[in-house]
Amino acid sequence: MSNEVPLLAARDLVKTHGRTEALRGASVELRAGEILAVTGASGSGKSTLLHCLAGIVRPDGGSVSYAGERLDTLPEKRLSELRRTEFGVVFQFGQLIPELTALDNVALPLMLAGAARGDAHERAGEWLERFGVRGQEGLRPGEMSGGQAQRTSLARALVTEPKVVFADEPTGALDSLAGEQVMTALVHTAREQGTAVLLITHDAQVAAYADREARLSDGLVAPTGVTV
Ligand SMILES: Nc1ncnc2c1ncn2[C@@H]1O[C@H](COP(=O)(O)OP(=O)(O)O)[C@@H](O)[C@H]1O
Ligand SMILES: [Mg+2]
């Protein structure tokens, strides 16, 4: 471990859903530009950990710090602004807006950040091209293959050039070829942009793309060191 201050740090996170203790004191750190795989069995608390780190859900106990600032106590307005500008999120099932074309889905985060429609579309088109979705800009999510939809989701997560991308089983619904294409695109772009990635997966082949792996078991993290 370097003594560099981590970009994102969770300490002793506790989160219960009803009577289920999803996190029971989990701690994890993500350094700038690092790709961290969070692995563990289904139900071990991976998604809950991601939601807490990304500021989507507030933990019941413990703390989350981003660039030295407490996230878990940040007022909602600042938190949502931070999520919009510093973070990108990709879920297992893309969660693109079904009524919007690929181009409009990717342009949306830029427009929410105040970009003019024309500029947003131009940049969105460039990002779709980077992710190999060229020529499909006019398709709606229902008209795309799973891999195309997921690469569009990646473009949407990265178009604002965030510091951290949170990916929750991004290849979980894809066949292995489409999964490899998604992972290659994600890792290549993250390296190029210096984006840190918190990658949740229960697939060892996907985890192998990461610099390091943290394994969750019953709501606790057991760090397992370097995977590459
Ligand atoms: N919204 C929720 N309501 C009730 N229980 C939940 C909720 N979300 C997660 N859980 C429970 O918390 C535990 C951890 O879930 P989760 O973080 O989704 O794990 P994973 O992503 O590793 O499968 C599981 O037992 C799950 O059933
Ligand atoms: Mg999950």
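What follows is a walk through one predicted model, from its ligand shell to its packed helices. Local features need pLDDT of at least 70, side-chain atom pairs count only at pLDDT 80 or more, and totals for chains, interfaces and linings use all residues. Residues are numbered from 1 along each chain as its sequence is written, while chains are lettered from A and ligands numbered from 1 in the order in which they are written.

Start with ligand 1. Around it stand His17, Gly18, Thr20, Ala22, Gly40, Ser42, Gly43, Ser44, Gly45, Lys46, Ser47 and Thr48. A residue joins this shell if its C-beta atom, placed from the backbone, lies within 6 Å of the ligand. The largest share, three residues, belongs to H1. Helices (H or I, at least four residues) and strands (E, at least two) are DSSP runs, numbered from the N terminus. By class, the shell holds one nonpolar, ten polar and one charged residue. Here Ala, Val, Leu, Ile, Met, Phe, Trp, Tyr, Cys and Pro count as nonpolar, Asp, Glu, Lys and Arg as charged, and the others, Gly among them, as polar.

Now turn to helix H3, residues 102-112. Which of its residues are buried? They are Ala102, Leu103, Asn105, Val106, Ala107, Pro109 and Leu110. Buried means that 20 or more other C-beta atoms lie within 10 Å of the residue's own; exposed means 12 or fewer, and partly exposed is in between, with C-beta atoms placed from the backbone. An α-helix has 3.6 residues a turn, so residues three or four places apart point the same way. The buried residues of H3 pack against helix H2 (76-86), helix H4 (117-130) and H5. Contact between two residues means that their C-beta atoms, placed from the backbone, lie within 7 Å.

Take H4 as a partner of H3. The two axes come within 8 Å and cross at roughly 120°. Axes are lines fitted to C-alpha atoms, for helices over the stretch in contact, and angles run from 0 to 180 degrees between N-to-C directions. H3 and H4 are therefore oblique to each other. Angles under 35 degrees count as roughly parallel, over 145 as roughly antiparallel, 65 to 115 as roughly perpendicular and the rest as oblique. The crossing of H3 and H4 is right-handed. A crossing is right-handed if the near helix is turned clockwise from the far one by less than a right angle, and left-handed if anticlockwise. H3 brings Ala102, Leu103, Val106, Ala107, Leu110 and Met111 to the contact; H4 brings Arg117, Ala120, His121, Arg123, Ala124, Gly125, Trp127 and Leu128. That makes ten nonpolar, two polar and two charged residues.

H3 also meets H5. Their axes come within 7 Å and cross at roughly 25°. H3 and H5 are therefore roughly parallel. This crossing, too, is right-handed. Ala102, Asn105, Val106 and Pro109 of H3 touch Thr152, Ala155 and Arg156 of H5. Four of these residues are nonpolar, two are polar and one is charged.

H5 (residues 146-158) leads on to helix H6 (residues 176-193): the two pack at about 15°, with axes 9 Å apart. H5 and H6 are therefore roughly parallel to each other. Their crossing is right-handed. On H5 the contact uses Gly146, Gly147, Gln150, Arg151, Leu154 and Leu158; on H6 it uses Ala178, Gln181, Val182, Ala185, Leu186 and Thr189. Six of these residues are nonpolar, five polar and one charged.

Go back to the end of H3. Gly114 follows the helix, with a positive phi near 105°. Ala113 sits in the loop between H3 and H4. Is Ala113 buried or partly exposed? It has 13 other C-beta atoms within 10 Å, so Ala113 is partly exposed. Leaving out residues up to four places away in sequence, Ala113 touches Arg84, Thr85 and Thr160. Ala113 and Asp12 are 101 residues apart along the chain, and their C-alpha atoms are separated by 33 Å.

Asp12 lies in strand E1 (residues 8-17). Most residues other than glycine have a negative phi. Asp12 is not a glycine, yet its phi is positive, about 50°. Asp12 is partly exposed, with 14 other C-beta atoms within 10 Å. Asp218 also has a positive phi of about 50° without being a glycine. Asp218 is in the loop between strand E9 (212-217) and strand E10 (220-226). With 14 C-beta neighbours inside 10 Å, Asp218 counts as partly exposed.
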